[in-house]
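Open your viewer and get ready to click.

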Amino acid sequence: LQAQLLWARALVAAGRTSPLMAARPSIDATLASVEDPELLMDFARQLLAAAPELQSWSNELFERGESLALGQFAAAGHPSLAAGILFKLTRRQVYDFDRSGDAIQFWERMAEEKKEWLWSEHSSFWAYLEWVFEAYQRAGSPQQTEDFALYWLRDSATPPEGRVRIGVPYAEWLVRKNRVAEAMEIFDALIKESPTHALCARAWYWAALRAYRQGDEVEARRCALAIRQAQGTDVNLYTEWTLDARALLLLAGLEIGKVAAQVVKYSAADYASVKKLLLEDVGRLP
């Protein structure tokens with residue numbers, strides 16, 4: 001199974017879809033014995049990204065993986081296990097397969113008793129809800145999106161982990177809605193409560209931009225350093241490295257040539273690209 005999947009993934013990476021389609025019956029026969037939903041959904045994602053002609057096959061595999069995941073969720077005997085299953089499924093639904101509506105529908109149809117059973121202070125539950133919130137942003141109405149976020153942010157039982165995971169993306173949503181003052185209040189509160197949480201790097205970013213716009217170089221530098229402290233410097237995801245590059249630019253006063261030699265990690269073109277985005281964000285501030 002592993003050998004066949006590695007071969008298929010190599011074909012996908014090389015853009016050679018014809019031999020892959022020719023081998024589909026054999027691959028399907030192999031995958032028929034797979035009971036790991038994450039493996040099926042991951043392979044489906046790779047097919048989806050490879051070529052348009054693989055979309056139908058990708059959807060079939062994803063739906064089988066989705067069905068297996070829902071079966072595992074129904075059978076899960078512990079809330080953390082169940083929440084972890086939902087997190088992986090919902091991330092794929094929302095991020096990879098444009099099925100945010102399905103994620104919303106599943107959440108809204110879940111019995112209140114089941115939601116209470118799932119509730120936990122641990123990150124797995126809140127990581128799942130973070131993706132439900134993302135689904136509302138993509139497929140729900142603005143009112144539904146706001147109602148979902150405020151329900152958790154106003155609940156006194158919501159732990160710091162939950163407030164960060166819901167509060168940071170909600171505040172970013174407010175920025176996009178030109179409600180910057182409201183967003184900054186949330187960012188400031190989250191920074192005060194969870195300054196070193198990885199997601200708070202995004203809150204520190206907006207605090208740094210505010211200081212930069214106000215001409216407070218010392219505060220802008222302090223916030224930029226806090227971005228790197230919260231997120232870490234060993235970054236791989238696009239959203240992480242672009243934020244890291246912005247922090248380095250802020251530390252250099254937005255002068256690409258002045259980025260400290262010992263921390264230069266990105267190309268001049270990378271810095272130019274993220275500088276443009278940074279200045280656009282500065283322009284959103286009052």
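Predicted model: local features only at pLDDT ≥ 70, side-chain atom pairs only at ≥ 80, totals over all residues.

In total, 13 residues line the second largest pocket. Now select W107, E112, K115, Y151 and W152, the lining residues that lie nearest its centre. The volume of this pocket is about 270 Å³. Colour the lining by class, and you get seven nonpolar residues, one polar and five charged.

**Zoom out**

Show the whole protein as a cartoon. How many helices and strands does the protein have? The count is 16 helices and zero strands. Turn the model around: its C-alpha trace spans about 65 × 50 × 30 Å along the principal axes. Of the 286 residues, 48% are buried. Next, think about contacts between residues at least 6 apart in sequence. Among these, 60% join residues at least 24 apart.

**Move to the largest pocket**

Rolling a probe the size of a water molecule over the atoms shows where empty space is left. The largest pocket has a volume of about 1500 Å³. Its lining counts 35 residues. Select E130, E172, R202, T239 and E240 to find those nearest the centre of the largest pocket. Then colour the helices that give two or more residues to this lining: α6 (79-96), α9 (123-139), α11, α13 (201-213), α15 (238-251) and α16 (268-282). What is the make-up of this lining by class? It has 15 nonpolar, four polar and 16 charged residues.

**Click on R165**

R165 sits in helix α11, which runs over residues 160-176. Is R165 buried or exposed? R165 has a relative accessible area of 17%, so it counts as buried, the cut-off being under 20%. Show its side chain together with that of E130. A polar contact of 2.6 Å joins the two.

**Click on T145**

Go back to helix α10 and pick T145. T145 is buried because its relative accessibility is 1%. What does T145 touch, not counting residues up to four places away in sequence? Select F133, Y136, Q137, G140 and W173.

Most residues other than glycine have a negative phi. The last two stops have a positive value.

Select D98, in the loop between α6 and α7 (100-109). Phi of D98 is near 50°. D98 is exposed, with a relative accessible area of 70%.

Then jump to L254, in the loop between α15 and α16. Phi of L254 is near 70°, again a positive value in a residue other than glycine. L254 has a relative accessible area of 3%, so it is buried.

Notes:
Residues numbered from 1 in each chain as written. Heavy atoms only, no water. Helix = DSSP H or I, 4+ residues; strand = E, 2+ residues; numbered from the N terminus. Buried < 20%, exposed > 50% of the residue type's maximum accessible area, 1.4 Å probe, protein only. Polar contact = N/O pair within 3.5 Å; in protein donor to acceptor, adjacent residues only side chain to side chain. 1 Å grid on protein atoms, 1.4 Å probe; cavity = no way out; pocket = protein on both sides within 12 Å on 5 of 7 lines; lining within 4 Å. Points joined across faces, edges and corners; volume = space filled by probe spheres on them. Nonpolar A, V, L, I, M, F, W, Y, C, P; charged D, E, K, R; others polar. Contact = heavy atoms within 4.5 Å.
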